[in-house]
Amino acid sequence: MDRDIIRGYWPLYEDGAPVRIGDKVEGAIVPMEVEGVEVYVAATTVIGDCDHLHLEPGERVKRVGDAPADALCLCKNFDGGIEIRHLAGDLLDWHIVIDGERVGVSNKARSRIAEALDLCASKRRLLPGVVWPEVDGEPVVPGDVLWDDMGCRHEVSDVKFTAGFATAVEMESGDVWVSMDDLTRTNPKPEPEPGPDSWERLEEDTRKDVYDYWSCQDVDCEDCPAEVNGKDPMQRYGTVSCSRAKDLDILARAKALSGVTDDE
């Protein structure tokens, strides 16, 4: 599994440590307990018991401070090392105990400590207990295009994690219940065999709806897979709908199979 891809989506604290479901974090207004994580294409949402955080790429989560305001604090000094001094209460995020005394730890000092202990984000792995969905041995992330065994195309809209680390993968078309075991990254629909058309294939294609006929289920029109020489079906046949273009394409194929030309 490509851990770098996953780390790009999972929410992290300012020191690079991963947010855990059940943690207490700073919400947009008040502290909140993390109940779930929803991963989308352009953002990650941390779901809380009383608030939600919508994180843009690279944005970090703040911890809830628990060190007393008058505590001495481990801080990063100008030489890049660590020193102990008093800081304002709102800069104390968490504490450690030294010789029985609680000592606050600032954000910058925490990053320095994480580096010294080899705990920086670049060396972290996925949280224990979190099972990220996979297809064909690769992690599923928003924007992935997957195919089912019927040759239908599905684009991943988001990946959700909830308390207990249950996982749900949603598609753009709302196919929430598509089994991951039935999906692949390669379109299993066989390409048309080389050579002339056949009456059997024509009869089979006539029964298809317009989306299956043009193989454009869940595909945006600007990405039309049925373009020929840069023209989509409506442009090729001069119609106002792909459904009408399908009828004319069936007719053209039938004429070709019968050996009928446009002059006849």
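Me: In which loop of this predicted model is Ser 215 found?
Reply: The model is a predicted one. Phi of Ser 215 is near 55 degrees, a positive value in a residue other than glycine. Ser 215 is found in the loop between helix H4 (210-213) and helix H5 (233-237).

Me: Does Ser 215 count as buried, partly exposed or exposed, and what is its relative accessibility?
Reply: A residue is buried under 20% relative accessible area and exposed over 50%, with partly exposed in between. Ser 215 therefore counts as partly exposed, its relative accessibility being 38%.

Me: What is the relative accessible area of Asn 229?
Reply: Asn 229 lies in the loop between H4 and H5. Asn 229 is not a glycine, yet its phi is positive, at about 55 degrees. The cut-off for an exposed residue is over 50%. Asn 229 is therefore exposed, with a relative accessible area of 79%.

Me: Is H3 roughly parallel or roughly antiparallel to H6?
Reply: The axes of helix H3 (residues 199-206) and helix H6 (residues 242-258) come within 11 Å and cross at roughly 165 degrees. Angles over 145 degrees count as roughly antiparallel. H3 is therefore, relative to H6, roughly antiparallel.

Me: Which element gives the most residues to the largest nonpolar core?
Reply: The largest nonpolar core has 27 residues, of which Val 25, Val 61 and Phe 161 touch the most other members. Two or more residues come from each of strand S2 (31-40), strand S4 (52-55), strand S12 (153-162) and strand S13 (166-171). With four residues, the element that gives the most to this core is S2.

Me: With which residues is Val 61 in contact, leaving aside its neighbours within four places in sequence?
Reply: Val 61 is among the residues that touch the most other members of the largest nonpolar core. Beyond its sequence neighbours within four places, Val 61 is in contact with Pro 11, Leu 12, Tyr 13, Glu 14, Val 19, Val 25, Val 46, Leu 53 and Leu 55.

Me: What percentage of the residues of the protein chain count as buried?
Reply: The protein chain has six helices and 14 strands. A residue counts as buried under 20% relative accessible area. Of the 264 residues of the chain, the buried share is 34%.

Notes:
Residues numbered from 1 in each chain as written. Predicted model: local features only at pLDDT ≥ 70, side-chain atom pairs only at ≥ 80, totals over all residues. Heavy atoms only, no water. Core = buried A, V, L, I, M, F, W, Y, C linked by side-chain atoms within 4.5 Å. Buried < 20%, exposed > 50% of the residue type's maximum accessible area, 1.4 Å probe, protein only. Contact = heavy atoms within 4.5 Å. Axes fitted to C-alpha atoms, helices over the stretch in contact; angles between N-to-C directions. Parallel < 35°, antiparallel > 145°, perpendicular 65-115°, else oblique.
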